[in-house]
Amino acid sequence: MAFDLDERLGDGRVGFFTDTSICIGCKACEVACKEWNQVPDDGMEFTGMSYDNTVGLGADTWRHVAFVEQRRPLGHQEPGVGEMDFRWLMASDVCKHCTHAACLDVCPTGSLFRTEFGTVVVQEDICNGCGYCVPACPFGVIGKRENGPKKSGAGESGGTAAKCTMCYDRLGAGEEPACAKTCPTDSIQFGNLDELRERAERRLEQVRAAGTTSARLYGHDPGDGVGGTGAFFLLLDEPEVYGLPPDPVVTTRDLPSMWRHVGVAAVALLAGFAATAWRGRTR
Amino acid sequence: MSQAVDQTPSQTDVRMDGAAGLRGEREATPGSAGRRRERLMVPKADFDSYYGRPVLNEPTWEAPDIGGYLFLGGLAGASSTLAAAAELTGRPRLARVSKVGALCAIGGSFYCLIHDLGRPERFLNMLRVFKVTSPMSVGTWVLTAFGPAAGCAAATEVSGLYPGLGRAATLAAGAIGPAVATYTAALICDTAVPAWHEGYREMPFLFAGSAVASAGGLGLLAAPLSEAAPARRAAVLGAAVECAAAARMERRLGALAEPLKRNRLLRLGEALSVAGAVAGLTLGRRSRIAAVAAGAALLAGSACTRFGIFKAGMESANDPKYTVQPQRRRLAKRGAERDLG
């Protein structure tokens, strides 16, 4: 059950291919995103989680670089730290712009919509901050901004939901999104989604041939629980290592069945009261 | 762990003061500081996560608002249906308390819902669209139809004006009531929150039972003994359905039921509902005081159940294991089926 006609998504659909095997963890994408989209600060905290103090995606974090340290070899690479195996996994996470987007399906105001580029965007002047999209997202991407006065910099968008727009304003002007533009290693690649998928398959073969057999694509398959994502990844370990769900499913897939169960329960409630009221009416 | 320590001979021996070989606490071996008070070795988790961070973003809904709404909405919907049934079966005083109760509960519901919005002044934006994919959109329209009907039913009842209109409004509110009381199950189940989503088969029945029990509780609390018979029976029926649905949900969810099973509010809610229902049916037949106490217990029980469900869901969203493990199992099952076929 989907609100927008996803099958119309096709030729014009654009996306991100984030090749984490060449991410160097510079966080230029995080900075470029904040700058271009004027995203308010998301807290200045020292987490102790490797070099990651951004923690995760949310209303005020639209790109997030994960840092994973593992005592394992990376392909045939020599880590240069004695006899110890060591590898860094760095990955720039972002809104997946799902084919079947739960946030868009559950939005009760129509604030979230599908753009002509196949991306999913919040209209902040429509959103009333009900927060339904937040628990609906199977990836933990979208968040709700705190109300105006409490949060400096949120301004007019205080109290509303916010997430990556894939730089909707730049796309309209024929520019690529700020994160992809700034990425110094082309770990973040922007383009036509079908082209990106082909390119990702070739890259996967190349990386595996180079000895990194743990490499896999994530979100590229249109047959998965969210119909494939507009932003997909080449990962070097299981998705959950990066904080991604291994088998995400759009929650509205089960909604028809939910409505049926609700309907039966409602009729049962009515019948129950009728039975209790009419039975022993003489008493 | 020890293997990792053995494999790190590369830590530098060079010191600013030139005293090589002084490695201080770096040479400390685990356990050398005497007996440990706790188990040092945490059993290895059978799933990976990113520093134990949740996969999902925590729902921004506030417990007093949305937990409170789940209770009040159920009470309002079920009370309206009870009011209509009481009116049709000639129990005017039970009908009266149920109508007034429904109006108060639906008023509280609207307050909670609007108060929880990030931009309350934009509440009416909900009425821009109707989306069957959004239980909140459907619910808003249901409430928009229900609110005026319940208000009109209560106002005409109390004032005694326009009895014909009042009867029509009572029946309308009574007909929409079941939808008001049960749609909230779809509202919370239609999320990625594991304990809510996976419980979607039982949740509508759990909520319906809890709503019926609370409406019965209100009838016991406020209506005279001579008219409270349907309320007493409804309380028993509601509490039984609620407990049966909860038990089935917990059994079906397996490991995912942990947050539900260890939730004290849920246990307390069940105990209060059952105690209230039984007390209402026995002592509550004869003693007004016992009926009031039983009614209060039923209302408190229903509220505890709703807050318990709310809290258990939040807990399941905040622990990555409840997101990752069921998905892993699903993938493994699919893989095995593919291998077989």
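This briefing walks through a structure with chains A and B, topic by topic. The model is predicted, so local features need pLDDT of at least 70 and side-chain atom pairs count only at pLDDT 80 or more, while totals for chains, interfaces and linings use all residues. Residues are numbered from 1 along each chain as its sequence is written, and chains are lettered from A and ligands numbered from 1 in the order in which they are written.

**Chain A**

- About 90 × 45 × 40 Å is the span of its C-alpha trace along the principal axes.
- Chain A divides into domain 1 (6-249) and domain 2 (251-283), with bounds that come from an automatic or database domain assignment.
- Taken over C-alpha atoms, the centres of these two domains of chain A are 43 Å apart.
- Of its 283 residues, 51% are buried; that label calls for 20 or more other C-beta atoms within 10 Å of a residue's own, with 12 or fewer making it exposed, anything in between partly exposed, and C-beta atoms placed from the backbone.

**Chain B**

- Chain B shows twelve helices and zero strands.
- Buried residues account for 54% of its 341 residues.
- Among contacts in chain B between residues at least 6 apart in sequence, 75% link residues at least 24 apart; a contact means C-beta atoms, placed from the backbone, within 7 Å.

**Helix packing in chain B**

- Helix H7 (residues 203-222) and helix H8 (residues 229-253) of chain B pack at about 155 degrees, with axes 7 Å apart. Axes here are lines fitted to C-alpha atoms, for helices over the stretch in contact, and angles run from 0 to 180 degrees between N-to-C directions.
- H7(B) and H8(B) are therefore roughly antiparallel, on a scale where under 35 degrees is roughly parallel, over 145 roughly antiparallel, 65 to 115 roughly perpendicular and the rest oblique.
- The crossing of H7(B) and H8(B) is left-handed, that is, the near helix is turned anticlockwise from the far one by less than a right angle, whereas clockwise would be right-handed.
- Residues of H7(B) that meet H8(B) include B:Phe205, B:Ala208 and B:Gly216.
- H2(B) and H7(B) have axes that come within 8 Å and cross at roughly 65 degrees, and this crossing is right-handed.

**Where the chains meet**

- The contact between the chains takes 71 residues from chain B and 68 residues from chain A.
- H5(B) gives the most to the side of chain B that touches chain A, with eight residues.
- A:Ala265 lies in helix H7 (residues 255-278) of chain A and touches B:Thr182, B:Pro204, B:Phe205 and B:Ala208, not counting residues up to four places away in sequence.
- A:Ala265 is buried, with 28 other C-beta atoms within 10 Å.

**The largest nonpolar core**

- The largest nonpolar core holds 180 residues, of which A:Cys103, A:Cys133, A:Cys137, A:Leu269 and B:Ala150 touch the most other members. Such a core is a set of buried Ala, Val, Leu, Ile, Met, Phe, Trp, Tyr and Cys residues joined through C-beta atoms within 7 Å.
- Domain 1 and domain 2 of chain A each contribute at least three residues to this core.
- Leaving aside neighbours within four places in sequence, A:Cys103 is in contact with A:Leu112, A:Val120, A:Cys133, A:Ala136, A:Cys137 and A:Ile142.

Note on methods
Contact = placed C-beta atoms within 7 Å. Helix = DSSP H or I, 4+ residues; strand = E, 2+ residues; numbered from the N terminus.
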